Amino acid sequence: RFFPKELEDALKALGASDGDEESRYDALLKISRMRPLEGATDPLKADAFVPVLARSLETRQDTFADTAGSFLAALDRPRLLAEVRKAAKGDPDAVRQRNLTFLAENLGSPEGVEILVEELAGSTAREVRVRAVEALGLLRSKEGFSSAAALMRDGDLEVRNVAALALGRIGEPRAVPLLMGGLDESKSFHGWYCADALTLIEDPGIFEGLLARPSSGAGTGPRARALEGCARGPHVDQLVGLLSRGTTSEVRAAAAFALGRIVGDDPAFRESLKPEAREAVADNLLEGMLSDGEATVRAGCLWALRKCRVASTGPKAVKRLTQVKGEDKVLFLLTILGEAGTKEAATILLRNGILGAKEPMVRRASGVAFWQIGDADAIREFRQRAVDATDAGTMQRIGEALG
């Protein structure tokens, strides 16, 4: 039920001169929660609209301005629209203009977008431009494209960073040349913002365009990030090639992560691939995991192979177990063997790993994989070795594996 006294108390707390931002926000929440109550609409319009709007323009708390905008737009949208239009045209204060961006965002498209574009995105205050273009991106309205594109030429890199993300969220393919052009900018991580924005745009030409770009200089990392996020099913063969022949570790790692996402996370797509294509993906990931000279690439291949392994991956991993050097590579293989449940590996894990490895981490990982596999014959041998053990070293290793 709606109780007028509760509204009166909340309004007093909202307007208290000795209150802080937290108490005012609590008061706003109480007021906003009254809106669905029977009989509350008229009192809220009469008594709460003006003080909530006034406080939303004065606050320095983004959450307050955003919550107030949501409440006022739901309570009386036409009235809020008129007030925001008037304030946006006539109030030059930067703090109030910035807060207006939250109110305009809550008005949505098309009116809120119009206010952001026509009145706020061109503000002389940097913080207003940043927040205005951020709101345009969050609204994902194509009407905001021109303003976001114009702010990609802003003199302030923070504005340009947010404009790049806004273009990505809007999703217009027209933004691709602008974002591609920003990949080489190293200041303020602008290239990375452009890369993330490119991954948000569905355009089959982006991946090919990225492949055609030089793979050196300041844009190396951002280009690889964009390649990873823009890759789609039709690019699997190219990703396999990049995994083995990519000229930078960033590109090879990106190819691994993209394969894990595309082939590993989409069962329907994985089933649509021919068996030999799935096996080629798994084989190349296994090879990259064991042979690449960069630890980041090897780790990326492990991550992807855990998602993309096929029936033959386990037996092939067993053959490589005694060939590879490097503790991390051995641990990676043990991870794959355990998760794949490769029974051919069980006895090797017992004899060469649990009982034979010098490195404590290899022994422990062998124990984990051994029990994941759960081969009955190997477990019987383990039990017998545990019963027969007399020296402290063997008993310690058996205890580690049991643990």
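A charge sits over a ring if NZ of Lys or CZ of Arg is within 6 Å of the ring centre and within 35 degrees of the ring normal. Select Arg-131 and Phe-102 to see a case: Arg-131 lies over the face of Phe-102, at 4.0 Å from the ring centre. Then select Arg-174 and Phe-145, where Arg-174 is placed over the ring face, also 4.0 Å from the ring centre.

Before going on, note that this is a predicted model, in which local features need pLDDT of at least 70, side-chain atom pairs count only at pLDDT 80 or more, and totals for chains, interfaces and linings use all residues. Residues are numbered from 1 along each chain as its sequence is written, and side-chain values use heavy atoms, with hydrogens and water left out.

**Backbone stops**

Most residues other than glycine have a negative phi, and most peptide bonds are trans. Select Ser-109 and Pro-110: the peptide bond joining them is cis, with omega about 5°. Pro-110 is in the loop between α6 (94-107) and α7 (111-120). Helices here are DSSP runs (H or I, at least four residues), numbered from the N terminus.

Next, go to the loop between α11 (176-181) and α12 (190-199), where Ser-188 is found. Ser-188 has a positive phi, near 55°. Phe-189 lies in the loop between α11 and α12, and its phi is positive too, about 60°. Are these residues buried or exposed? Buried means under 20% relative accessible area, exposed over 50%, and partly exposed in between (1.4 Å probe, protein chains only). Ser-188, at 42%, is therefore partly exposed, while Phe-189, at 59%, is exposed.

**Cysteines**

A disulfide is a covalent bond between the sulfur atoms of two cysteines. The test used here is a pair of cysteine sulfur atoms within 2.5 Å, and the structure holds 0 disulfides. Select Cys-301: its nearest cysteine sulfur, that of Cys-308, is 10 Å away. Cys-301 is buried, at 0% relative accessible area, and Cys-308 is buried at 3%.

**Aromatic rings**

Rings of Phe, Tyr and Trp (its six-membered ring) pair if their centres lie within 6.5 Å; planes under 30 degrees apart count as stacked, over 60 as edge-to-face and the rest as tilted. The whole structure has 5 aromatic pairs. Select Phe-370 and Trp-371, an edge-to-face pair with 5.0 Å centre to centre and 85° between the planes. Phe-370 is buried, at 1%, whereas Trp-371 is partly exposed, at 34%.

Phe-382 is buried, at 4%. Ring pairs link Phe-370, Trp-371 and Phe-382 into a cluster.

**The largest pocket**

On a 1 Å grid over the protein atoms alone, a pocket is an open set of points where a 1.4 Å probe fits, with protein on both sides within 12 Å along at least five of seven lines; lining residues have an atom within 4 Å of a point.

Select Leu-321, Val-330, Asn-352, Ala-357 and Val-362, which lie nearest the centre of the largest pocket among its 14 lining residues. Which helix gives the largest share of the lining? The answer is α22, with 4 residues. α21 (327-340), α22 (346-354) and α23 (360-373) each supply at least two lining residues.
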